[in-house]
Amino acid sequence: MLAQLRRRAQIYWRLEGPKFVCAAVWLALVAWWFATNWIRFTNMKGVVALFGYWVPFAKGCANVVMFTSMFLFLLVCRTTLTKLRSVRWLHWVPINKHLVWHRWCAYIFLAASAGHTICHCLGTFPTLANDPRARAALKLPPVSQVYLHFISVPGWTGWALVVLLAALAGTSAVAVRRKRYELFWYTHHLFVPIVALLALHGTAALLGPPQAWKYLAVPVALYAIERMLRVHRASWPVRIQAAAVQADTLELVLDRPPFVTHYVPGQYVFLQVPSISPWQWHPISLTSTDADPFLTVRIKKLGDWSHALTQLVEPALVLEDAEAEADKVDAKFNGGKSVVGTVQPPSRQTTAGTADLDATTLLAAPPAAHLREVSGASTARSSLTVSDASLPDSAAGIKTDGGPPVPVLATPRPMSRYMISATGTVKPLAVGTTVDTARRAQRAALALQSIDVRVDGVFGAPSQDFVDHDHIVFIATGVGATPFLAILKDIERQVLAARAPARRSVLFPTSPTTAAHAPTAPPRRVDFYWLNRDQAGFQWMAAALGAVDRRVLRDVVRVHAFLTGARGGQATLSSFLLWWGLALAKRRGAAGKCLLTGVRDSSVSWGRPHWPTIFRQTAALFPGKKVGVFVCGPKQLAREVYEVVREVAAEVVDDGTVFAFAKENF
Ligand SMILES: Cc1cc2nc3c(=O)[nH]c(=O)nc-3n(C[C@H](O)[C@H](O)[C@H](O)COP(=O)(O)OP(=O)(O)OC[C@H]3O[C@@H](n4cnc5c(N)ncnc54)[C@H](O)[C@@H]3O)c2cc1C
């Protein structure tokens, strides 16, 4: 019994040790801050005799309010926190939990504020109104309670604070935050008058000099600098270079703004689209890696903002589709070159089971300045072929047979002349692509580029710590897989680079750019568990996996997809039938490939994973190793996985296998 308890304590310590130590130290500091004022005022001559313990208690609470308010600001300075993540000796501080910590600070702040208010309402103010000795001690004239509550500076600022804090706390409740995020976010800006009132509250200096500014000056200044940084970054317009709508997600390829100098997979940015709302910033994980010259993101259509963004982008893609149709007809009747076959139609048209994993979609076009006229081409509608980038960039337009001049970009963008796959893999635009394709795509590109996007970041997230482990278990639901896409790309780069040295020659040494992205040791193995209700989400995941080197998927990364189905009813049956069909197809054909993921060494299961079996197998495969478990999905799933990890970690503690657990909730 005792041994079992010790073992459990050991596991807790390994999984949560730093968090507990940090929380304990911090709570001890809160208690200390309370105690210092309590002791000071109980020892102050006449205070307890005149006011009882109301004043020491109110003052102790005031100190706690000041101490926690400092952390309330520091814990949302995301740029600073992202920098602190890379400080090795700070690894024991649970920076991943900064928002949970911020919330706990808020609870303690509110409790201390309530304590302070109650003490003044029940003790200090009635005593001052009724006891001339107490007024004489504070050198006050005769005052009524109404005066003390609503006219004196501590009184009216105190009540104003109560009202503002109640509004802020009310709109921060989980239910409100989930349903009406904007309300939560906008009311959080009440922090501005709250800080002003806190600074003003103690200026009457009744029981000592004002203290608030000492605590608030640095954290508020740091937070203000970060907000100004956001304003500065937001002044940099970022263009959408390419886009794709797949199932219920929208993928965007964005210019990489100059302030995004370095980032690691798993991190995220805040996106703002001024034409939707200049006030809304949405956190979105990057699916690109630092080695990419652009930023890619995948956004699930969920609420107002993501739907509005899709609606903004879709017309450009519809334009592309409509013109593709026109070209098909054109090609049929004129015998001209048809674009169909040269360039695949947008991959959002692919359906599960028939997805062509190698298909790339022309999403953004080369500027027309890159087009050269080719005489004798057979297309009646146009006689241009993409073939040469050497023409002057300043061309004002390209004339086509019988058509109006095609508008061109005055200065070609560096990301022009490429085809981009649904995963963001950039390939040069194929020579021989007809001008119809190019014009069509160019118009789409112009339409896309007219959408203004702003980026703030990049910011740290728990999954970026994947590098610290020998074996990674990444568990995601739906669009929660986005951090993994970046991690997957990075692992691919690491694995391929680790194998490359043998082929490197003296003639082609590593370029400075490659050296900047020099690989760290790749993890030995990554198991990716992806849970999806239906097959729709598999479209984009299949495309993403299709772009990854086969050797990486065979040797390092294992994909385990789970069709969890809907809760009961027909949808469950249809997802079961789909899984059954897939299992048959995999066995009987498709070269052993799974039709959903497009990967040979992957599995698709129907239903929910059995976590105890999975983690026991993992522990058996990697005795004595560091296993990192990352969950990106609903809280309930994270809790479920965490319980099992703890259980299994306790069983294998003697093997020296160390489990680490981190989670993200989108
Ligand atoms: C670190 C992080 C990374 C994320 N990465 C991705 C990603 O790669 N792809 C993706 O599709 N989604 C991602 N999300 C979730 C994404 O931010 C929300 O889905 C998006 O903001 C929804 O906005 P909406 O108005 O369309 O939906 P709404 O219906 O307004 O909101 C849906 C949910 O998103 C939350 N939310 C809304 N606005 C914000 C906001 N400004 N900040 C934080 N949460 C908000 C709300 O609490 C709500 O529960 C990420 C979230 C976080 C915290």
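How many of the residues in helix H17 (residues 538–546) are buried? In this predicted model, helix H17 is mostly covered, with 8 of its 9 residues buried; these are Phe538, Gln539, Trp540, Met541, Ala542, Ala543, Ala544 and Leu545.

The largest nonpolar core holds 36 residues, of which Trp26, Phe71, Trp101, Cys105, Ile194 and Leu198 touch the most other members. Two or more residues each come from helices H1 (2–42), H3 (54–74), H5 (98–130), H8 (153–171), H11 (191–201) and H12 (212–234), and H3 gives the most, with 9 residues.

The count of salt bridges comes to 17, and the table lists some of them.

| Pair | Closest N to O distance |
|---|---|
| Arginine 233 and aspartate 456 | 2.6 Å |

Arginine 233 and aspartate 456 are both buried, and together with Arg230 they are linked in a network of salt bridges. Because arginine 233 lies in helix H12 and aspartate 456 in strand E12 (residues 452–459), their pair ties together parts that are 223 residues apart in sequence. Strand E12 also holds aspartate 452, whose partner arginine 239 lies in strand E1 (residues 238–246), so this pair ties together parts 213 residues apart in sequence. Arginine 239 is partly exposed, with a relative accessible area of 25%. Arginine 554, at 37% relative accessibility, is partly exposed, as is aspartate 555, with a relative accessible area of 34%.

On the surface, Arg178, Lys635, Arg639 and Lys663 gather in a patch of positive charge. Arginine 178 is found in helix H9 (residues 174–179) and counts as exposed because its relative accessibility is 56%.

Technical notes. Residues numbered from 1 in each chain as written. Predicted model: local features only at pLDDT ≥ 70, side-chain atom pairs only at ≥ 80, totals over all residues. Heavy atoms only, no water. Patch = residues over 30% accessible without salt bridge, like charges linked within 9 Å, V, L, I, M, F, W, Y side chains within 5 Å. Areas by Shrake-Rupley, 256 points an atom, 1.4 Å probe, with all protein chains shown as cover. Salt bridge = Lys/Arg side-chain N within 4 Å of Asp/Glu carboxyl O. Lys, Arg positive; Asp, Glu negative; His and termini not counted. Charge placed at Lys NZ, Arg CZ, Asp CG, Glu CD. Helix = DSSP H or I, 4+ residues; strand = E, 2+ residues; numbered from the N terminus. Buried < 20%, exposed > 50% of the residue type's maximum accessible area, 1.4 Å probe, protein only. Core = buried A, V, L, I, M, F, W, Y, C linked by side-chain atoms within 4.5 Å.
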